[in-house]
Every structure is written in structure tokens, then in C-alpha cells.
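My notebook is open, and I have a few things to look up here.

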Amino acid sequence: MNNARQIKHLYARGGFGIAMGELLQRKNWSVKKAVKKLFAVSEPIVPLNVLTENLDLQSRADLTEDQRRAFQEKRNQQERTLNKAWMQQLSTTTDQLREKMTLFWHNHFACNIGNAYYQQQLNNVQRTHALGNFKTLLLEVSQTPAMLQFLNNQQNVKAHPNENFARELMELFTLGRGHYTEEDIKESARAFTGWAFNGKTGEYGFRTGTHDNRTKTFMGQTADFCGEDIINIILQNKQTAIFISTKLYCYLVNETPNDTHIAQMADLFYSSGYEIKSLLELVFTSDWFYEPQNIGNLIKSPVELLVGLNRQFGIRYDNLDVLLQFQRTLGQVLFKPPNVAGWPGGRNWIDSSSLMYRIKIPSTILNAGVIDFTGKATPDDEAYLASQRKQQFNVINRVQAQPDWNRFLQEIPLQFPHLEIASLLLEPPLNARVTTEVNNAPDIKTLVIQLVSTPEYQLC
Amino acid sequence: MKRRAFIKSSSLASGAFLIPSFLKPFEAMAKPELTGYKNLVIIQLSGGNDGLNTIVPHGNDIYYQKRKTLAIANTVIVKLNDIQGLNPNLAALQEIYDQGWMSIINSVGYPNPDRSHFRSMDIWQTASNADQFLSTGWVGRYLDANCQSCPNPYTAIEVDDTLSLAMKGTQMKGIAVQDPNKLLQTTREPFFKDLVHQPNNEHLNEDNLGYLYKTMIETYSSADYIQNTSKTYKVTAEYPSTGFANQLKTVSKFINAGLQTRVYYVSLSGFDTHTNQQNQQGRQLKIYADAVAAFIKDLKQTGKLDDTLVMTFSEFGRRVEQNASNGTDHGTANNVFVFGGKLAKAGFYNDAPDLTNLENGDLKYQIDFRNVYATMLDKWLNVNNSQILNQNFSSLNFI
């Protein structure tokens with residue numbers, strides 16, 4: 001039995017692709033066995049711990065202007081360090097599924113703040129519960145300093161309720177638009193008063209003094225609700241299971257929702273008490289997951305594209321900053337989602353210029369070339385730029401990357417047909433023209449570089 | 001690595017290779033002509049430009065009280081009327097203003113302003129409400145609404161390496177071109193060429209793969225069109241030697257060469273001035289004004305100024321009161337500048353910002369920025385603004 005196509009698809013969606021050698025070893029595995037293995041290797045939780053200092057705990061009141069600038073530079077440095085550390089982890093870890101789901105939650109609970117230490121903490125919460133229980137995940141995420149700060153629950157106090165968190169909790173995290181009222185937002189915001197972190201220690205702590213303990217009416221129920229009660233009520237509503245299942249279906253299966261499959265997912269998710277692992281197992285072992293219309297039709301996000309390439313070819317970078325530059329150019333910088341709704345994804349990743357770079361970057365990395373572009377400043381760069389005379393980055397980056405060609409070539413059996421290589425490297429089915437041309441490629445290296453430069457390679 | 005070596009090493013080995021048979025070159029598709037159209041040039045000042053130190057309310061004492069060390073000295077301001085004048089670094093714009101080619105709209109903003117750069121820039125670029133998240137930009141939606149008559153990506157060009165959200169629609173997107181020749185060279189790599197130039201191409205599938213090929217072919221065709229059309233014109237006017245001026249020079253080249261482009265987008269960064277603001281902002285304002293003045297004069301000279309409207313905005317203004325480190329913090333309403341040869345209301349469009357009537361120390365907006373967009377859509381680009389802004393905004397009278 002040869003299940004190469006199914007196993008490749010499983011790894012493309014439940015991870016960032018599978019290296020050729022591994023795939024060839026596993027091609028006779030049953031899908032069930034491969035799924036089991038995918039979960040088994042993702043059991044360990046390896047947190048990111050590159051940042052040990054929370055800069056926001058320092059007093060900045062008496063800093064001189066130069067010290068302030070140095071401080072800001074240190075903050076930026078932390079952001080770069082964190083970004084590179086996660087890229088590295090994504091590119092090298094064996095627990096692909098956990099990281100793939102961490103990336104999903106990273107976008108679901110999108111957060112963009114200047115404090116990289118808090119971002120790291122939030123990221124680790126998302127990683128820890130990535131395959132665990134959604135309720136625990138939701139509760140812990142909601143109580144991270146990162147989220148309390150980003151969604152202004154820090155400013156949500158009895159005397160002046162701030163509704164930002166309550167609104168996003170329902171609109172983006174659980175129920176989706178149209179399944180709650182403005183009144184529900186107002187009332188639940190009052191329940192979340194007092195959820196705050198200590199600015200001196202960075203610890204979460206419930207503040208009874210600012211909590212509004214009068215009765216609230218939320219979704220038809222009336223009591224002196226606290227935040228946990230609101231979350232319970234929201235999870236009792238099956239719409240939450242449907243909303244999360246739909247989003248996950250679009251992430252793992254197909255951008256066009258299939259109501260039958262999603263209902264199946266939502267039923268199980270709800271009845272299991274929001275166990276993410278059970279939900280994922282259902283998806284990966286369903287026949288519909290492996291149907292042709294669900295294979296090779298998703299546009300890889302920039303991070304998925306880069307990570308997949310890194311993994312497939314075992315690429316090492318002399319300077320990881322180049323990966324940051326690629327993220328910027330392609331429009332997805334980890335820890336910097338454009339807004340609370342996250343990256344819109346799908347065809348939004350593609351425009352004329354981003355497609356050009358996407359097609360060029362893989363061949364450039366594999367061919368040790370140079371990429372030439374002027375980066376657009378991000379809002380974070382503005383303060384720095386304002387203090388600089390130079391108003392544009394003129395970046396000519398040497399990619400300086402070493403693909404492990406030896407490993408890659410060794411993994412390919414002798415006399416292995418070019419066509420087989422092509423069909424293992426690309427997710428969409430090969431058409432007749434591809435078949436002919438692939439057979440004509442002069443050597444494997446040329447063939448591979450051409451393959452990673454096709455529009456087909458942008459899909460998973 | 002030398003340029004030549006780079007091209008060589010990053011180019012792909014050639015060969016007729018990998019092209020679905022249903023594809024055909026974009027050139028062969030329908031190519032409707034646009035005639036007698038007008039251009040819109042949008043200039044984005046990124047970082048939240050301090051409007052009060054740009055168009056300075058020298059006639060208002062409160063300004064000097066609130067900005068003890070940061071106020072622009074009364075003696076150096078280029079006074080335009082009893083209340084407001086130009087920051088001296090904008091001196092180059094005086095002539096433009098005096099000719100009636102500039103309109104200053106004060107106190108432009110939106111309800112429930114957001115003081116985050118990211119979010120506020122999103123709001124300006126998507127023309128959303130403050131509590132609404134849109135993944136398409138307003139120019140992009142303009143392109144969508146006009147797909148039938150102008151299906152080419154170069155209908156909207158951003159002179160940059162990457163495309164802003166403002167330029168992205170659902171069906172249509174603009175194209176980012178920093179340097180037309182460089183873009184052409186990139187697309188002319190043999191492999192890329194092989195991918196788009198194939199016989200027997202009939203139609204593109206609607207799936208994602210078809211979309212990718214379609215985008216690729218459009219880019220290829222656009223790069224060709226933009227370079228070959230724009231190289232017929234050489235800009236003779238003098239421009240300052242700054243990156244920003246170069247971008248406007250490129251826009252002038254495109255406009256004068258007769259490119260079928262309706263919207264151009266350019267940005268200038270570096271306005272996030274929390275500390276030691278005067279020098280930093282002054283430097284950026286000078287870069288801005290010198291380049292814009294050169295651009296407007298250039299267009300006047302070539303007879304294109306009447307067909308061109310230039311609009312400048314920033315994602316927000318600054319607080320009225322300076323902060324403790326000779327800077328200003330993120331604020332709300334701001335001025336918008338409009339330039340053109342045929343303005344209906346040149347000079348000041350409306351009254352100076354009211355420094356007595358503040359909200360938590362911030363200016364209250366008088367004009368929603370979407371009224372400014374609506375005006376340009378209705379009166380300049382001739383489309384019904386409600387189609388693009390999702391609700392109807394009334395037009396203003398600056399054009």
C-alpha cells in the first residue's frame with residue numbers, strides 16, 4: 001500500500017511539510033498510524049525562553065533622551081530576538097503539529113504590543129494548550145498581560161468600563177459577529193472589570209477594588225457575574241464550537257466551508273468539552289480531509305512558505321535577520337499581526353509584488369543569491385526613522401544561506417524518476433505539461449530549483 | 001556580489017517549462033482604452049505628523065502656551081492669514097499656495113479615533129469605522145468597482161517595493177513599482193517568461209492556482225507596459241535629490257508618458273516624533289515640501305496640473321500640548337492638503353482648529369476623512385462613493 005499522497009497532505013496541513021526522505025520511509029504507513037505519530041511527537045511542550053528580562057518593569061521616569069533611545073533600541077532588539085527564535089523553532093522542531101497549531105492560535109488570539117517579554121509569555125500559553133482544552137486556553141490567554149494590555153482590559157474599571165476586551169472576546173475569539181448584542185458587550189465588560197496585571201511585577205491578579213459586583217444581565221441570564229462566568233456562558237453556546245470549527249476548517253482543510261463537515265466537527269468539539277486534540281483527530285482521520293478538492297488548494301502564508309522551505313532543505317542562515325526581512329516583504333511578521341483580527345490570509349497574501357518575491361525567494365536561498373529590495377518602514381520603525389537622517393532603508397541583503405543539498409540529494413533513491421520528485425515536492429496534482437517538462441530537466445538540482453519557483457509551490 | 005552575477009545566480013535555468021495549457025498572455029485579453037481621465041496622487045506621511053507644527057496657528061495664544069519650547073517662533077512662520085501659517089520648512093509651498101494650487105483642510109479625522117499607528121493607518125487606508133476591520137483598501141475597492149472598464153493592475157500604482165493595504169481590493173489590486181526598469185528585468189528572467197508565454201492558453205481557472213497564474217501574467221504584462229510606455233518620456237524638471245522626490249519624479253514620468261493609471265500612491269516616513277521634535281519633523285517637512293513644490297511646478301510646466309489632484313494625509317495628528325521631552329504624543333484630527341490646477345476652493349478650506357474645545361487634550365475633528373475620499377471619488381474619479389465607502393458620504397467643495 002502506498003499512502004505517500006495522503007501522508008504528504010497530512011504533513012502539509014498538520015505541519016509545514018515533510019522532508020523527502022521521511023516521506024519515502026513512511027509511504028507504506030496507514031493514515032491512522034501517521035496521524036498517531038504526528039500527535040505523539042507533538043506531546044512535548046518546548047517553550048520559547050529567549051527573553052528573560054521584562055523591560056517594562058524598569059522605571060523610565062528619569063531617563064535622559066539618549067538613555068530613552070537606548071532603551072527603545074533594547075526593546076526592538078528583544079522583538080527581533082523573539083521573532084527569530086520562533087522562526088528557528090518552527091523550522092527545526094519535530095513537534096510540527098503543536099507549532100502549526102500555535103501559529104493558528106497566534107492568529108486567532110492576535111496580539112500586537114511593544115513588550116516582547118509579554119508576547120513570549122502569551123506565545124507559550126498558546127503553545128502549551130495548542131492541542132489541549134480550548135476553555136483553558138481561552139481563559140489563560142485572556143489573563144495574560146499581553147492580552148489585558150492589547151485589549152485594554154487594564155483600563156476596564158468599575159467607574160469607567162472599557163468594552164474592548166468583551167467585544168473582541170465575542171466577535172473574534174468565540175461566537176463571531178451577529179451572535180450577541182451591544183447590550184451583551186456592555187454587561188459582560190462590567191464582569192471583566194478587575195481583570196488586570198500588576199505593572200510592577202507583571203503578574204496577573206484580580207482587583208476586587210475595581211471590579212463591578214452589581215448584577216449583570218448577559219445573554220438572558222442575570223446574576224453578579226464575574227469574568228469566568230461570562231466565559232462559561234459563551235462556551236455553553238454551541239455557536240462557539242461552530243465558530244472555532246469553521247475557522248479551523250478554513251485553516252486546515254479548505255477556505256470554502258463545507259457545512260456538513262463543519263457540523264460534524266462542531267458536534268464533537270462541543271460534546272468533548274472543547275478538546276482540541278479530539279477535534280484535530282477527527283479532521284485528520286476523515287475521508288473528506290483527503291478528497292482531491294482539499295489537496296494543494298491553500299495558499300501558504302509567508303511564514304509557512306519560509307518554514308516549509310527551511311525544513312525541506314535543512315537551510316541554515318548565517319544571519320537570521322534575513323528571515324525577518326522576508327517576513328516583512330511578504331507581509332507577515334510574527335508577533336506583528338496587522339490588527340486584532342489577525343492576518344486575513346488566503347488570496348490576501350498575494351499581489352503582484354509579493355508574488356514576485358515569493359517566487360524569487362526560494363530559488364535565491366537555494367542558489368545562494370542576493371535579494372535586492374527596499375523595505376517599507378513599519379509603524380514601529382517610525383520613531384527610529386524620525387531620529388535618523390536617512391529616511392529609507394536601502395537594504396541589499398545577502399541571503400547567506402546554506403541548504404543541506406547533500407542530505408536532500410542523498411534522500412532521493414538512485415534512478416528515482418524526476419516525475420516522482422516533482423509530485424513529492426508540489427502539492428497540487430501535476431498536469432500533462434509539467435509531466436513532460438519535468439522529465440526533460442537536465443539534473444535534479446535544476447529541477448528542484450525550478451519546482452520551488454512555480455506558482456504550484458505557493459500552495460499546500 | 002555584482003548586479004550581473006546576481007542576475008545570473010538567481011535566474012533559473014531556462015526551458016519551456018511548467019505552464020498550464022489554459023493560460024494565455026494577458027496582452028491577448030480584452031484591452032479597453034481609457035481616454036481623458038484624471039489622475040489622483042495620494043501621499044501618505046507615516047508616523048502621525050504633528051499638524052499644529054505644520055500649519056501653525058500663530059494667531060492663537062493657546063498654541064504658544066501649550067507648547068512652551070516646541071512652538072514655532074512667530075517670526076519665522078510663513079504667514080498665510082491672521083491665524084495660520086506654514087512651518088518655515090514648508091517655505092517651498094508658499095508659491096504653490098499663492099498660485100491657488102493648494103487647499104488646506106483643517107481638523108480632518110473620524111469618530112472614536114484610535115491612537116495606535118497600526119490601527120489608525122488601517123482605518124485611513126481601508127476607510128473603515130473605528131470599530132470595524134476591513135481587509136480591503138479604499139483604492140482597492142475603487143478598482144473592484146471599475147473592474148469592467150480598467151482591469152489592469154497598473155490602474156493604481158504605488159511607487160514602492162510593496163503594496164499598501166489601501167491598494168488592495170477583493171478582485172483587483174494595484175501594483176507596486178519602485179523602478180519600472182528593475183521590475184521589468186525581474187519579470188524577464190527566463191524562467192518567469194516561460195511561465196507566462198505559452199501557446200494554447202484559453203482561460204484561467206477560478207481556483208487558487210489559476211489566481212496565482214493570473215496574477216503572475218498580469219505582473220508580467222504590466223511590467224512590460226509600464227516600462228515601455230514610461231521610457232518614452234524623460235523628466236526634465238529639477239527635483240531635489242531625496243528618495244521621496246525621486247518617487248514623485250517617477251510619478252511625473254508616469255503621468256507625462258500617458259500611462260493609463262488613475263491613482264498613484266507614495267509615502268514618506270519618519271513623522272513619529274515623540275522627542276526632540278523640531279529638528280526631526282522640520283527635516284521631514286522640508287523633504288516633503290521641496291519635493292511636492294518641484295512636482296507641482298513640473299506638472300504645471302507640462303500642462304498636466306489641471307488633470308492631477310494630489311492629496312496628503314497622515315494617520316493622526318498630535319496632542320495640542322507638548323510632552324516633557326520636547327515632542328508630542330499621538331493625537332487625533334489633523335490637516336489634509338490638496339493640490340491641483342483647478343481647485344474650487346484654494347487656500348484654507350475651513351476654519352483653523354479650535355484649541356479651546358478639546359477632548360481629553362485632543363483636537364475634535366470637524367470633517368470626516370471619508371468626506372474627503374467621497375469628494376475625490378464622486379467629483380474626480382467619477383464613481384459613486386457609496387459603492388466604495390459602503391455608506392454614502394457627502395462631498396466637500398474643494399474641487
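**Entry 1: the largest cavity.** I sorted the lining of the largest cavity by class and got eleven nonpolar, four polar and six charged residues. For this I counted Ala, Val, Leu, Ile, Met, Phe, Trp, Tyr, Cys and Pro as nonpolar, Asp, Glu, Lys and Arg as charged, and the others, Gly among them, as polar. A reminder to myself: this is a predicted model, where local features need pLDDT of at least 70 and side-chain atom pairs count only at pLDDT 80 or more, while totals for chains, interfaces and linings use all residues. Residues are numbered from 1 along each chain as its sequence is written, chains are lettered from A and ligands numbered from 1 in the order in which they are written, and side-chain values use heavy atoms, with hydrogens and water left out.

Which residues lie nearest the centre of the largest cavity? I found F16(A), G17(A), I18(A), K300(A) and E427(A) there, out of 21 lining residues. A cavity here is a set of points on a 1 Å grid over the protein atoms alone where a 1.4 Å probe fits but cannot get out, and lining residues have an atom within 4 Å of a point. In chain A, α1 (4-14), α15 (302-313) and α20 (418-425) each give two or more residues to this lining, and α15(A) has the largest share with four. Helices are DSSP runs of H or I with at least four residues, strands are runs of E with at least two, and both are numbered from the N terminus. The space inside comes to about 260 Å³, a volume being the space filled by probe spheres set on the points, with grid points joined across faces, edges and corners.

**Entry 2: the other cavities.** I count six cavities of 30 Å³ or more in the structure.

**Entry 3: the cores.** The largest nonpolar core has 123 residues, and M101(A), W105(A), F134(A), L280(A), F284(A) and F313(A) have the most contacts inside it. Such a core is a set of buried Ala, Val, Leu, Ile, Met, Phe, Trp, Tyr and Cys residues joined through side-chain atoms within 4.5 Å. A second, separate core has 55 residues, including Y97(B) and L299(B). Buried means under 20% relative accessible area with a 1.4 Å probe, protein chains only.

**Entry 4: strands of chain B.** Is β10 (residues 334-340) of chain B buried or exposed? Seven of its seven residues are buried, so the strand is largely enclosed by the rest of the structure. Strand β5 (residues 102-109) of chain B runs antiparallel to β10(B) with five bridges, and V108(B) stands opposite N334(B). Strand β9 (residues 308-314) of chain B is also antiparallel to β10(B), with four bridges, and M311(B) faces V338(B). Strands pair if DSSP finds at least two bridges between them.

I also looked at an open, antiparallel sheet of three strands in chain B, ordered β2-β4-β3. Its edges are β2 (55-56) and β3 (78-79), each with a single partner strand, so one side of each lacks a neighbour in the sheet.

Notes
Buried means under 20% relative accessible area, exposed over 50%, partly exposed in between (1.4 Å probe, protein chains only). On a 1 Å grid over the protein atoms alone, a cavity is a set of points where a 1.4 Å probe fits but cannot get out, and a pocket is an open set with protein on both sides within 12 Å along at least five of seven lines; lining residues have an atom within 4 Å of a point.
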